[in-house]
Amino acid sequence: KNKKNKNKSVNDAEFPLTPPTEAETAVWNQVSAVLEEAHGILAELQSYNGAGQEIREAIQNPGDLALQEKAWNAVCPLVAKLKRFYEFSLRLENALRSLLEALTSPPYAPMQHLEREQALAKQFAEILHFTLSFDELKMTNPAIQNDFSYYRRTISRNRLNNQQLEAENEVNNEMANRMSLFYAEATPMLKTLSNATTKFVSENKTLPIEDTTDCLSTMACVCRVMLETPEYRCRFTNTDTMLFCMRVMVGVIILYDHVHPVGAFAKTSKIDMKGCIKVLKEQPSNSVEGLLNALRYTTRHLNDDSTSKQIRALLQ
């Protein structure tokens, strides 16, 4: 709990920002409620240990009903947790949409928006920070997939045997299918946000796509400059703030790459990809390996012909 609050105050102290203006308040309140919940979700995912032991014993002793029941009782509360995480991703998606609408609406240019609506820009950054933190934890926790597939196998087996299970009411078949697609992704939260951003752009035909991509590239640039400029960097008294900046930078690059027709890696891209990757590679590898993997595996255009060999080599 203390760590959570420490994190929050670190970012607030090192990025002093103006409170939301009257025009921003409605969106700010909506997103605040979601971000408030995000802290709890990360803490739950961090302490997610899975039911590996119980599942193994049940599988090795198929005739032992007590062990089957023990595994089932261990898995059900975990699946309820996974359902909560999945449902949270939908709320996060709505929050992101509201922020995109606010940060790209005419008549202002993206840079003017980021200057005028600093409170919302910071929330956008916090959503990306949460998203990459969540996905890093998920990527390194195989128990999530194992628990969920055991749950689904047990349910379909019992359906054949016509047993009605209480947990069925908790997660019905349709919900289980949607959750299954979500957790099959290497980075499920990022995928959710990328899809939401792409959808936002395609639904807002009158809004020039540049308004969205410029907003993203500007944020990437701000993060890169803060990370590579010694006089800014020496103000970061805390490694959490460095990580915050790096996660936000990687998050906006991935969104940009999904939305922009030629992506983030092309020569015409407004993001200095070489600079961004270099900044990441200067950090201790244990803190950035997950971020570099996100760039390798969740971008769309890295393997395009338009990506220079140099950039590809940097990410090898």
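Predicted model: local features only at pLDDT ≥ 70, side-chain atom pairs only at ≥ 80, totals over all residues.
Student: How many helices and how many strands does the secondary structure of the chain come to?

Tutor: The C-alpha trace of the chain spans about 65 × 45 × 40 Å along its principal axes. Within that span, the secondary structure comes to 16 helices and zero strands.

Student: Why does the chain count as being as compact as a globular protein of its length?

Tutor: For 316 residues the globule rule gives 20 Å. The chain is as compact as a globular protein of that length because its radius of gyration is close to that figure, at 21 Å.

Student: What percentage of the contacts between residues at least 6 apart in sequence join residues at least 24 apart?

Tutor: Buried residues make up 51% of the 316 residues in the chain. Among contacts between residues at least 6 apart in sequence, the share that joins residues at least 24 apart is 76%.

Student: How many salt bridges does the structure hold?

Tutor: Side chains of opposite charge can pair when their charged atoms come close. The chain has 36 positive and 38 negative side chains, and the centres of the two sets lie 4 Å apart. The number of salt bridges in the structure is 10.

Student: Which residue forms a salt bridge with E44?

Tutor: The closest N and O atoms of the pair are 2.6 Å apart, and the partner of E44 is R84. The pair links distant parts of the chain, 40 residues apart, with E44 in helix α2 and R84 in helix α4. E44 is partly exposed, with a relative accessible area of 21%.

Student: Which parts of the chain does the salt bridge between E136 and R247 tie together?

Tutor: The closest N and O atoms of E136 and R247 are 3.2 Å apart.

Student: In the salt bridge of K270 with D214, is D214 buried or exposed?

Tutor: K270 and D214 have their closest N and O atoms 3.1 Å apart. The pair links the loop between α13 and α14, which holds K270, to helix α11, which holds D214, 56 residues apart. At 52% relative accessibility, K270 counts as exposed. The relative accessibility of D214 is 18%, under the 20% limit, so D214 counts as buried.

Key. Residues numbered from 1 in each chain as written. Heavy atoms only, no water. Salt bridge = Lys/Arg side-chain N within 4 Å of Asp/Glu carboxyl O. Helix = DSSP H or I, 4+ residues; strand = E, 2+ residues; numbered from the N terminus. Buried < 20%, exposed > 50% of the residue type's maximum accessible area, 1.4 Å probe, protein only. Rg over C-alpha atoms; globule rule 2.2 N^0.38 Å. Contact = heavy atoms within 4.5 Å. Lys, Arg positive; Asp, Glu negative; His and termini not counted. Charge placed at Lys NZ, Arg CZ, Asp CG, Glu CD.
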